[in-house]
Amino acid sequence: MRDFLERFRPAGTPGAAATGVPADRTAERAAELEPALTRLADVQQEAARIRAAAEQEAEALRQNAAREAARMVDAAREHAPEVRRQAVEPLLREARQEADALRAAGDRTASAIRERAFQRMPHLVDLSVADALRLTGGKRDEP
């Protein structure tokens, strides 16, 4: 510690000039710092090399991820029609069942109307014939 603090002492004492050579602080600092700065430069070069390698690896990973994403999108697009079909199938089945039920109800209603018409037809024919005869002034032979 003493040697470290010694560096900060003035070259000479105030007052009359002392004989001797003043300390060359710049040379001392350069000599002291040069090995550390040389090592720091080496470390900076190593860091730059590591950074460049990491950037190359990251770019390769990005490209691989982009290819994998494109493959996944293509696979999803390929499977989309089947997934849609499976999603719609229950709805179509329900719609078909509802249509069948409506068709059956319509058939039952039409059958009931036909049956009523069949039952009412003789009476309606008699009424129509009677009206026609009355308009023509003729008489109908009744059995």
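Visitor: Why is Leu40 called partly exposed?
Guide: Its relative accessibility is 43%. Buried means under 20% relative accessible area, exposed means over 50%, and partly exposed is whatever falls in between (1.4 Å probe, protein chains only). So 43% puts Leu40 in the partly exposed class.

Visitor: What am I looking at, anyway?
Guide: It's a predicted model, where local features need pLDDT of at least 70 and side-chain atom pairs count only at pLDDT 80 or more, while totals for chains, interfaces and linings use all residues. Residues are numbered from 1 along each chain as its sequence is written, and side-chain values use heavy atoms, leaving out hydrogens and water.

Visitor: Where does Leu40 lie?
Guide: In helix α2, residues 25-136. Helices are DSSP runs of H or I with at least four residues, strands are E runs of at least two, and both are numbered from the N terminus. By that count the protein chain has two helices and zero strands.

Visitor: What makes a nonpolar surface patch out of Leu33, Leu37, Leu40 and Val43?
Guide: Patch residues need over 30% relative accessible area and no salt bridge; nonpolar side chains (Val, Leu, Ile, Met, Phe, Trp, Tyr) are joined within 5 Å, like charges within 9 Å. Leu40, at 43%, is one of the patch members. The patch covers about 370 Å², with areas coming from the Shrake-Rupley method using a 1.4 Å probe; for residues, only the protein chains shown count as cover.

Visitor: How much of the protein chain is buried?
Guide: Buried residues make up 1% of its 143 residues. The chain exposes about 13,100 Å², and carbon and sulfur atoms supply 59% of that.

Visitor: How do you know that Arg71 forms a salt bridge with Glu68?
Guide: The closest N and O atoms are 2.5 Å apart. A salt bridge needs a side-chain nitrogen of Lys or Arg within 4 Å of a carboxyl oxygen of Asp or Glu, so this pair counts. The two are three residues apart in α2, and therefore separated by about one helical turn. Arg71, at 47%, is partly exposed, and so is Glu68, at 34%.

Visitor: What makes Glu89 and Arg93 a salt bridge?
Guide: Their closest N and O atoms are 3.6 Å apart, so they pass the cut-off too. Being four residues apart in α2, Glu89 and Arg93 are also separated by about one helical turn. Both belong to a network of salt bridges that links Glu82, Arg85, Glu89 and Arg93.

Visitor: How many salt bridges does a search of the whole structure find?
Guide: Eight. Among them is Arg103 with Asp100, where the closest N and O atoms are 2.8 Å apart.

Visitor: Where in α2 does the kink lie?
Guide: At Met121, shortly before the proline Pro122, with a value of about 45°. The bend at a residue is the angle between axes fitted to the seven residues ending there and the seven starting there. Just after α2, Gly137 takes a positive phi of about 85°.
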